[in-house]
Amino acid sequence: MPTANIGVSGPAWHVGTAAQVVSDLRTDPKNGLATRDASARFARDGPNRLRKVEHEGFWGEYLEELREPMILLLLVTGVLYSILGTLEDAVTIFAIIFTLVTFEVLNDQRASRAIDALRKLAEPTAAVLRDGKRQEVPVEDVVPGDVLVLEAGRRVAADARLVESDRLAASEASLTGESVPVEKDSDAVLAPGTPLAERRNLVFAGTNVVRGRGTAVVTATGMATELGRIAAMAQEVEEPKTPLQAAMTDLTKYLVVVAVGFSVLVPFLGWLLARGDPKTMVLTGLSLAFVTIPEELPILITMVLALGAYRLSRRHAIVKRLRAVETLGGVTVIATDKTGTLTENRMEASRYFPEQAKAALLEAGALANDASLEGDAGLGDPLEVALLRAAAAAGIDVPALRAAHPVRDELSFDNARARMSVVVADDGGVRVAAKGAPESLLAACTRRWTVGGVKPLTDADRLLILASAAALAASGQRVLGFAEKRAPAGPLPELQVESDLTFLGLVGLADPPRPEARASIDACRAAGVRAVMVTGDHPLTARSIAAEIGLGDGRGMTGPELDALSDPQLQEAVRSVSVFARTTPEHKLRIVRALRQGGARVAVTGDGINDAPALAAADIGVAMGETGTDVAREAADLVLADDNFATIVEAVREGRVLFANLRKAVRYYLACKVAVVAITLLPVLLGVPIPLAPIQLIVLELFMDLAASATFVAEPPESDLLREPPRDPRAAFMDRPMVASIFVSAAGLFLAVSAAYLWTYASPATRPMATTVAFVTWLMGHVFLALNLRSEREPLARLGPLSNRLMVVWGAAAFLFAAVASMTPVLQTALRTTSLGAPQWALAFGLAVLGTFWIEVRKWLAPAWRRAASTSPA
């Protein structure tokens, strides 16, 4: 017997007959497995669940983080400081280090939980036949050879081959992307190469039975199911690094070298030039190392992204991984599923032929219908629910209609006839209402409905009707034909039920686009973001929806066509093709990888099981929160709480703003670093004491730089930011203009603090105040620098000095701290400060303004320079 956990290379169960499959699996289709046999198979093959990925525990990750080179350097710095400095200073350093490590570990533990959600099958129990009786068993206990009892509204517990089916249909949208339920047929024997979406003699784990009933023998469980295969693919996908992660890794390595270099250089120069006490020089070097080692940078980035994530949540976009926030701003392609993402995932009757027959068509559709409707919620086949909704919207009282025409007989739908009929009571006689495939229904009709009355059905009429049906189908509609007839009271032989019918017309049904989809696609296009549809649905349906919402230029490809392309050919195709239909999870994964290999920064949106591998492989995965499966939500980086495609556009917009603000924060943060290094190094070369005491360096670093950087997330966007195309995903985070801006900005702050210190130190009368003057000049100067670096192009006056209230509050607190630190005896002792007179305050304030507000002058002059350059002769 074939083992349970057959992979994709195992037996092709759809090729054989039901009897052959039953024989291969050694089971009984009428009685099921014996309990003893089921137990033996369970012991051999294991439970029907998906493997769980084991994640490292908190303390394991904590110890791993402590072994990071940057953290080890900080620990060494803290140990040396505890030996040479004061206990209070050493405790401060260690507290910062351990807080940082804890914060990083807690963030890492929230990532990559897709497989944990996949392993939870939705149904807690499954109906099976065992020992000749129907039993409810835990889903995990289902084994190959079990006979599943399939009923409307139940989740399929495992992959299985149908043995019996009666009007059975299953919703496989979450697995294949097909929005219309798939009609199942236990008698079908299919070709080996039949696509997954067309294997109508199989049912699959994780899909839902929407209509009819049947039985099926289990062929695969756990990781051997189609659901399990997708879980394995998602597990194997390596999450790509974001641009910021890569940039920060390089920056960290560089700054560590700088930190070690200056922590050695300053004490060495001090000793070589005999500029000060060796112990003080060593402590200064250690403090400088603490300042320049970028231990705060991860916290800075996390704070900025976390506040940004909060803002996104207010727009119904829930960030699961903070790294996704910065990726949003660089998205160049959105690869979106169709069903439930661009469309409403709800069938709707939208076209009628002829239009004048709408009332008659809907009345017949309400009678030849097994679904029910309570309010706007329906139970049953989505096509039949759509007909009931349309009838109710047209003013037809469906319950009253059905009560007036009780069902006397019914001919259920089957694939051979491709139609169904009901016989209902009707004014002392009976009435037949039928629906089905137009070509099948026409074969049973001899007359047609017209506005002027019933007329004979001619060959020309048949051709016209079939042409109209083909046109509706070409526009992506699911087309149903309707017919009826009246007969005298009494039993109606089965052969007469579907004969001599009057053809009423056609109804086109479709899953309509979301109302906001077109506007969202237009907004993406205006922002320089390309939208691509990747769906498992029919090509005609996909192209119709794409045309309706303005996506692409009409060109499309199917999954089989993708199979014929090599990877280089696919990379070329994805540059221009915007609609991909009849795709499998493997196709979606290839498309995402091809886009990324072509240099695109890809966001993938989706809501189904079939989206999980692509969501995991994309730069950013975006799942639907309301209708999305657990698989999609857990694999995604961002979850749309309102299932609104327009929200992803808002999220991209917010991502751009956040990335711009993050650049400003890092630019400011590093400018302060460069300035403090220069401020420390210059006095050593000049033969004067270092202006800032070691504890002052630590306090400024901990409470000032980090707090100021966090305020940048509240910065409103510059007016031209959203009119620019997405940034090049291959461009460096620290590009040349940013590096130049860092050093130029740092130069102004360095000159201001150094000038204030040297001017005060030059006079013996004010020399004791020199360190304090430098301290308060730094405090005021780095506040002014933050205000000036709020924007890259727009002057502060246009932004509004009070538009970033968080920065205003922080700036006021910094000024207050400067005053308190220089006036309070306790802080004077702790921070090595002294009281200042009015001249010293004026000097500090004036130089802080001059050293930073020149940046505002440059912003005002820059537009005039650009205009002059553009009008100058070539």
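1. Proline 354 is located in the loop between β10 and α13 (358-367). A cis peptide bond links phenylalanine 353 to proline 354, with omega about -5°. Helices (H or I, at least four residues) and strands (E, at least two) are DSSP runs, numbered from the N terminus.

2. Basis of this note. This is a predicted model, where local features need pLDDT of at least 70, side-chain atom pairs count only at pLDDT 80 or more, and totals for chains, interfaces and linings use all residues. Residues are numbered from 1 along each chain as its sequence is written, and side-chain values use heavy atoms, with hydrogens and water left out.

3. Two loop residues have a positive phi. Arginine 26 is not a glycine, yet its phi is about 55°. Its loop runs between α1 (18-25) and α2 (35-45). Arginine 26 is exposed, at 59% relative accessibility. The cut-offs are under 20% relative accessible area for buried and over 50% for exposed, with partly exposed in between (1.4 Å probe, protein chains only). Aspartate 131, also not a glycine, has a positive phi of about 55°. Aspartate 131 lies in the loop between β1 (125-130) and β2 (133-138). Its relative accessible area is 43%, so aspartate 131 is partly exposed.

4. Lysine 338 deserves a look. It belongs to the loop between β9 (333-336) and β10 (348-353). Lysine 338 has a relative accessible area of 1%, so it is buried. What does its side chain contact? The lysine 338 side chain makes a polar contact with the side chain of aspartate 537, at 2.9 Å. Such a contact is a pair of N or O atoms within 3.5 Å; within protein, one must be able to donate a hydrogen and the other to accept it, and residues adjacent in sequence count only if both atoms are side-chain atoms.

5. The sheet is open and has eight strands, in the order β8-β25-β24-β23-β9-β20-β22-β21, with mixed pairing. Its edge strands, β8 (317-319) and β21 (556-558), each pair on one side only. Two strands pair if DSSP finds at least two bridges between them. Threonine 558 is opposite alanine 581 of β22.

6. Strand β24 (residues 620-624) has five of its five residues buried, so the rest of the structure largely encloses it. Ile620, Val622 and Met624 point one way, while Gly621 and Ala623 point the other way. β23 (residues 602-606) runs parallel to β24, joined by four bridges. Glycine 606 has alanine 623 as its bridge partner. β25 (residues 638-640) also runs parallel to β24, over three bridges. Here methionine 624 is partnered by leucine 640.

7. Helix α26 (residues 645-686) lies across β8, β9, β23, β24 and β25, at about 135° to β25. Axes are lines fitted to C-alpha atoms, for helices over the stretch in contact, and angles run from 0 to 180 degrees between N-to-C directions.

8. Helices α28 (residues 736-762) and α29 (residues 770-788) pack at about 155°, with axes 9 Å apart. They are therefore roughly antiparallel (over 145 degrees; under 35 is roughly parallel, 65 to 115 roughly perpendicular, the rest oblique). The contact (heavy atoms within 4.5 Å) includes Leu749, Val753 and Tyr757 of α28 and Val773, Trp778 and Leu785 of α29.
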